[in-house]
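Subject: Structure handover

Hi,

Here is the structure for your files. My notes on what turned up follow below it.

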Amino acid sequence: GYIYIILVTARNSKEDMVQGLTAGADDFISKPLEPAEILARIRNAERLLALETTSITLFSLAKLAESKDADTGNHLERIRSYARALAEQICKDPDIRARVSPHFPDLLYQTSPLHDIGKVGIPDYVLLKPGSLSDEEWKVMKRHAEIGAETLDACLKFAPNAEYLRLARDIAWAHHEKWDGTGYPRGLKGEEIPLCARIVALADVFDALTTKRVYKAAISHDLARGIILDGEGKHFDPIVVRAFLAIEDQLMEIRNNYQDILLP
């Protein structure tokens, strides 16, 4: 496992701190030592290592759920990066920042890959069907939102204080809801939809539009922007659309960094 290094030293200038951290230390304590400070630093180290372990576990679980579909490529990497970037932009608004966890963007980065985990409960004949789905098959496919939410909610009952599980459940349940109430599975409207799910909804659609699949070509960023703008106030929360417009260059860079290479 990872060894967390706390550097204890009598040198306490900013230059010394930078030199120590650059050399590989994770934290820095200056003498004289205060037992309460040491304990606080150790607890902080434990929290950070637990978060790292949790993040790796969640992403591995999401990759396992996605492994049936060889056509998804770097979808999860893009989704979580888009979601965090959008959340960081949205949290620049002090009113929104006051209503969410200070770790909200990072929690979204951890949990957004689980948005489609419920697809493990969808039969292969529907999930992997190469053509369009029938009405009955589409009803089966839409069940993935509830399956994912029910699974994560069961986990949450064992760890009711785990904020990341609450976000993961809300994302799985509500990322197909629409701002105007026409989405699924519950037909939630406006701010009834958790903010985390509203963000992932746009990230998911943006990725679907701009990514090549075996059965379709990717569309240009300009065309994708037009579709997202057209969905403002209908499919998408206007606040999330404004965030999208403010960081378009960053989103394009993320997409370029995680481009898929599809084999013929």
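The protein has 13 helices and 2 strands. Both are DSSP runs numbered from the N terminus: helices are H or I with at least four residues, strands are E with at least two. This is a predicted model, in which local features need pLDDT of at least 70 and side-chain atom pairs count only at pLDDT 80 or more, while totals for chains, interfaces and linings use all residues. Residues are numbered from 1 along each chain as its sequence is written, and side-chain values use heavy atoms, with hydrogens and water left out.

Of the 264 residues, 41% count as buried. Buried means under 20% relative accessible area, exposed means over 50%, and partly exposed lies in between (1.4 Å probe, protein chains only). Contact means heavy atoms within 4.5 Å. Among contacts between residues at least 6 apart in sequence, 57% join residues at least 24 apart.

**Cores**

A nonpolar core is a set of buried Ala, Val, Leu, Ile, Met, Phe, Trp, Tyr and Cys residues joined through side-chain atoms within 4.5 Å. The largest one has 32 residues. Leu-86, Phe-104, Leu-108, Ile-199, Leu-202 and Leu-251 have the most contacts inside it. Seen by element, two or more residues each come from α3 (75-90), α5 (104-111), α9 (163-174), α10 (195-210), α11 (221-230), α12 (238-246) and α13 (248-257). The largest share, 8 residues, is from α10. There is also a second, separate core of 8 residues, with Leu-114, Ile-117, Leu-165 and Ala-168 among them.

**α5**

7 of the 8 residues of α5 are buried, so this helix is largely enclosed by the rest of the structure. The buried ones are Phe-104, Pro-105, Leu-107, Leu-108, Tyr-109, Gln-110 and Thr-111. Leaving aside residues up to four places away in sequence, Leu-108 touches Ala-83, Ala-87, Pro-113, Leu-167, Ile-171, Cys-196, Ile-199 and Val-200.

α3 packs on α12 at an angle of about 105 degrees, with axes 9 Å apart. That makes the two helices roughly perpendicular. Axes are lines fitted to C-alpha atoms, for helices over the stretch in contact, and angles run from 0 to 180 degrees between N-to-C directions. Under 35 degrees counts as roughly parallel, over 145 as roughly antiparallel, 65 to 115 as roughly perpendicular, and the rest as oblique. From α3, Leu-86, Gln-89 and Ile-90 meet Ile-239, Val-240, Ala-243, Phe-244 and Ala-246 of α12.

Trp-173 lies in α9. At 27% relative accessibility, Trp-173 counts as partly exposed. Not counting residues up to four places away in sequence, Trp-173 touches Ala-145, Glu-146, Ala-149, Tyr-184, Pro-185 and Arg-186. The peptide bond from Tyr-184 to Pro-185 is cis, with omega near 10 degrees. Pro-185 is in the loop between α9 and α10. For context, most peptide bonds are trans.

**Gly-231**

Gly-231 sits in the loop between α11 and α12. Gly-231 is buried, with a relative accessible area of 9%. Its C-alpha atom is 8.7 Å from that of Val-241, 10 residues away along the chain.

Best wishes
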